[in-house]
Each structure stands twice: as structure tokens, then as C-alpha cells.
There are 2 protein chains.
Amino acid sequence: MEKSINFYNVAECPVRNVLDKIGDKWSLLILLVLKENEVLRFNEIHKSIGDISQKMLSVTLKSLEADGFVHRKVYAEIPPKVEYTITPLGTSLLPHIDALAKWSKEHINTIMQNRAAYNNEL
Amino acid sequence: MEKSINFYNVAECPVRNVLDKIGDKWSLLILLVLKENEVLRFNEIHKSIGDISQKMLSVTLKSLEADGFVHRKVYAEIPPKVEYTITPLGTSLLPHIDALAKWSKEHINTIMQNRAAYNNEL
DNA sequence: ATCTTTGACTTACCAAAAGTAAGTAACTAT
DNA sequence: ATAGTTACTTACTTTTGGTAAGTCAAAGAT
């Protein structure tokens, strides 16, 4: 008797599309920061995250804007002023990210211990 | 009056550690697949995901094993036989991933429409 | 009048991560 | 002797991410 396996090819699986997108290095983090702060300017997000490069912040914000997770409001001033806010779509995703963040806090110690043990066995 | 911003530097924020780890390209997906199937061998996971390279599957499984998300059972046979199962730690994370997956399914259409609209404006 | 500062970015260049294809090990069936 | 099996490596290439410097336009300082 054959074992039946579930498949997750990109083409067949819409979940992949979203997971790939928000599963990059910075997207989730930027959404978290925007949720905590309501409105932030480019440099404020930059400072808040601390170790993201301006380039990656710019690129990731564009991607989040394209998918409708983030809204970008430009003021015609000099020096430039741009405000970023999270959209309803982004907000609807956040509880799940929060849950992940909470889980992370609760289990980080276990994970670190596992990792150390694993490395000792090598 | 100064605006107070929350900070998420790697050093100060344990959530970052986990988010970085499971927020890579393949970890969440492998956990999903293992949860759906209980026990899988290397090639079965490979087929199930479809477009992961053997190298990345190998690397990611090791990382998941190191953190204690996945258990690896080796049979001393030839040809080799290795079975992968999800651990209780991995299982405890899964509801959150499932929630994300469910959210993705519900919102993928909106996202795709947003993305198309954004690209047309360029 | 020229120089500096400001904010939100680009651009050019370099390093790290991921993908591809081929190879390895060791035994079994043909 | 050869080919098939399975879980991986290894060498090489491409894509992604990081660093530092540069751009733009106007307001304020010298």
C-alpha cells in the first residue's frame, strides 16, 4: 500500500506565496514595528530595528507596500517627509505574528539549550 | 515632546532570534509537511515540497534538528534509511504556523490584486 | 554668496546565502 | 560487471543581502 503524501509545490499551493513573502528577513519585523508605533517615518523605522540597512529597509517597505500591508504617505516638503502606517490587511495578519513572537519568548531558552547540546555532540 | 519608539535590536530582543531562524525560506514549510505526515523519509519530504534542493533540505533539517523542532532517526541499513518526525516543541509551534497558513489562503487573492495594481502604477 | 544640514532614498561594489548538477558510500538484485 | 537504491556532500554559479558613498532640493548658518 502506497503512502499518500501532501504536496506543497509553489504552483499548487497559495500558502507558499505568502509564506515566501513574509518569511524573508525583514518583513515581519517591520510590520511588528509599525504596529507598535502607528505612524513612523523612514528613519524612525531604521532606528527602531537598528541593524537593517537603508537599502533593505527601502526594498522591503516597497514590497510590503506592493502587497498592501503598508501604506506610504509622502509630503511634498524639503527635506522629504514620508510616513508609513500599517493597513487593515497588515493589521489582520499581526495577531498571528504576535502569537509567534509570544511563542518565541516562551521557548527561546529551550531552543538555545537544544542548540548548545546539539553542537556539543559534533 | 519626544516620540518614544520601541526597539528591536538583535542583542536586546529574543524574539528576533527565533523569527530569524524560522523565518528563513524553508523551515516553516518543512515543519508543516512533517506535521501533515507524521513520519517522512528524506526523499519523501523532498518530493512533498517539490522545489527545495537536496542541499537546502539537508541544511535546513539539520538546523531544525539542532533547535529541537525535528527528530532524526537513523536505521543502520543499506541503502540508508532515515526517518524524520516533528518533536513536541515543533508541534507546539505548529498551531501558529497553521494560523498563518490559513490567513494566507484567505488573503492571497487580495494580495495578488494589490500587487498587480501596484505594478501597473509604475 | 557659498557651505552645511536634513531625510529619504539610490547606486556601485562586495559578501553571504541559496540553487544546480554531479559525485559518494555501500550493499542488493540482474 | 552493471545498475539501482537512499541520504546525503562537494564544487560551482546565481541570487540575495550588506556597506558606504552619493543624490536631490531647499532652508539656515557663516
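Me: What makes B:Val70 part of a pairing: which residue in E3(B) does B:Val70 stand opposite?

Reply: B:Val70 stands opposite B:Ile86 in E3(B). Two strands pair if DSSP finds at least two bridges between them. E2(B) and E3(B) have six bridges, in the antiparallel sense. The strands themselves are DSSP runs (E, at least two residues), as helices are (H or I, at least four), numbered from the N terminus.

Me: What should I know about the numbering and the model?

Reply: Residues count from 1 along each chain as its sequence is written, while chains are lettered from A and ligands numbered from 1 in the order in which they are written. This is a predicted model, where local features need pLDDT of at least 70 and side-chain atom pairs pLDDT 80 or more, but totals for chains, interfaces and linings use all residues.

Me: Why are E1 and E2 of chain B said to stand at the edges?

Reply: The open sheet has three strands in the order E1-E3-E2, with antiparallel pairing. Strands E1 (39–41) and E2 (70–75) each have a single partner strand, so one side of each lacks a neighbour in the sheet. The twist averages 30° from one strand to the next.

Me: Why are H2(B) and H3(B) called roughly perpendicular?

Reply: Their axes cross at roughly 110° and come within 10 Å. Axes are lines fitted to C-alpha atoms, for helices over the stretch in contact, and angles run from 0 to 180 degrees between N-to-C directions. Under 35 degrees is roughly parallel, over 145 roughly antiparallel, 65 to 115 roughly perpendicular, and the rest oblique. The pair is therefore roughly perpendicular.

Me: Which residues of H2(B) and H3(B) meet?

Reply: B:Leu29, B:Ile30 and B:Val33 in H2(B) meet B:Ile45, B:Ser48 and B:Ile49 in H3(B). Contact requires C-beta atoms, placed from the backbone, within 7 Å. Five of the contact residues are nonpolar, one is polar and none is charged. Nonpolar covers Ala, Val, Leu, Ile, Met, Phe, Trp, Tyr, Cys and Pro; charged covers Asp, Glu, Lys and Arg; the others, Gly among them, are polar.

Me: How many residues of chain B are in contact with chain A?

Reply: 44 residues of chain B are in contact with 44 of chain A. H5(B) gives the largest share of chain B's side, 16 residues. That side divides into 22 nonpolar, 13 polar and nine charged.

Conventions
Contact = placed C-beta atoms within 7 Å.
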